[in-house]
Amino acid sequence: MTPLDGLAHRPLRPIWLCRLDANPWPCGEAKLVLLAAFADDRPALLALLSTLQREAEDHLTQLDSGRSNNLTDRFLSWAQPPDH
């Protein structure tokens with residue numbers, strides 16, 4: 001079981017859109033649920049998102065004829081602790 005298994009708003013790989021609302025994943029609902037689930041362990045959330053970001057970059061680069069995708073804002077910026 002992975003941390004994403006319980007999410008209703010999971011990514012549709014390899015296009016990385018939300019399976020439920022078709023927004024770029026992580027969508028707003030996924031972000032809220034992940035922040036709540038990892039409220040006491042922000043470093044673990046950032047580690048998970050970093051791993052998912054690398055996977056998404058690989059997938060999206062392959063789909064986009066080798067053009068690199070920078071997904072830092074989409075995957076990590078919103079999850080930084082408030083004091084950053």
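Trainee: Where does Ala22 lie?

Mentor: The model is a predicted one, in which local features need pLDDT of at least 70, side-chain atom pairs count only at pLDDT 80 or more, and totals for chains, interfaces and linings use all residues. Residues are numbered from 1 along each chain as its sequence is written, and side-chain values use heavy atoms, with hydrogens and water left out. Helices (H or I, at least four residues) and strands (E, at least two) are DSSP runs, numbered from the N terminus. On that basis, Ala22 lies in the loop between S2 and H1.

Trainee: What is phi of Ala22?

Mentor: Ala22 is a residue other than glycine, yet its phi is positive. The value is near 65 degrees.

Trainee: Which peptide bond involving Pro26 is cis, and what is its omega?

Mentor: Pro26, like Ala22, is placed in the loop between S2 and H1. The cis bond runs from Trp25 to Pro26, with omega near 5 degrees.

Trainee: Which residue is joined to Pro14 by a cis peptide bond?

Mentor: Pro14 belongs to the loop between S1 and S2. Omega of the bond is about 10 degrees, and the residue joined to Pro14 is Arg13.

Trainee: With which residue does Arg13 form a salt bridge?

Mentor: A salt bridge requires a side-chain nitrogen of Lys or Arg within 4 Å of a carboxyl oxygen of Asp or Glu. By this rule the count is 1 salt bridge. In the pair formed by Arg13, the closest N and O atoms are 2.7 Å apart, and the partner is Glu55.

Trainee: Why does this pair tie together parts that are 42 residues apart in sequence?

Mentor: Arg13 is in the loop between strand S1 (11-12) and strand S2 (17-18), whereas Glu55 is in helix H2 (residues 42-63), so the pair ties together parts 42 residues apart in sequence. Buried means under 20% relative accessible area, exposed over 50%, and partly exposed in between (1.4 Å probe, protein chains only). Arg13 has a relative accessible area of 34% and is partly exposed. Glu55, at 27%, is likewise partly exposed.

Trainee: Which residues of H2 are buried?

Mentor: H2 has 22 residues and reaches 31 Å from its first C-alpha to its last, close to the 32 Å expected at 1.5 Å a residue; the expected span is 1.5 Å times one less than the number of residues. What covers its buried residues includes H1 and helix H3 (72-75). The buried residues are Leu45, Leu46, Leu48, Leu49, Leu52, Gln53, Ala56, Glu57 and Leu60.

Trainee: With which residues is Gln53 in contact, leaving aside its neighbours within four places in sequence?

Mentor: Gln53 is found in helix H2 and is buried, with a relative accessible area of 7%. Contact means heavy atoms within 4.5 Å. With neighbours within four places in sequence left aside, the contacts of Gln53 are Leu71, Thr72, Phe75 and Leu76.

Trainee: What kind of aromatic pair do Trp16 and Phe75 form?

Mentor: Rings of Phe, Tyr and Trp (its six-membered ring) pair if their centres lie within 6.5 Å; planes under 30 degrees apart count as stacked, over 60 as edge-to-face and the rest as tilted. The structure holds 3 aromatic pairs. For Trp16 and Phe75 the centres are 5.8 Å apart and the planes stand at 70 degrees, so by that definition the pair is edge-to-face.

Trainee: Is Trp16 buried or exposed?

Mentor: Trp16 lies in the loop between S1 and S2 and Phe75 in helix H3, so their pair ties together parts 59 residues apart in sequence. Phe75 has a relative accessible area of 0% and is buried. Trp16 also has a relative accessible area of 0%, and is buried.

Trainee: Which residues do ring pairs link into a cluster?

Mentor: Trp16, although not a glycine, has a positive phi of about 55 degrees. The cluster linked by ring pairs is made up of Trp16, Trp25 and Phe75.

Trainee: Which residues is Lys31 in contact with, neighbours within four places in sequence left aside?

Mentor: Lys31 lies in helix H1 (residues 28-37) and is partly exposed, with a relative accessible area of 24%. Its C-alpha atom is separated by 9.3 Å from that of Phe75, 44 residues apart along the chain. The contacts of Lys31 are Pro26, Arg74 and Trp78.
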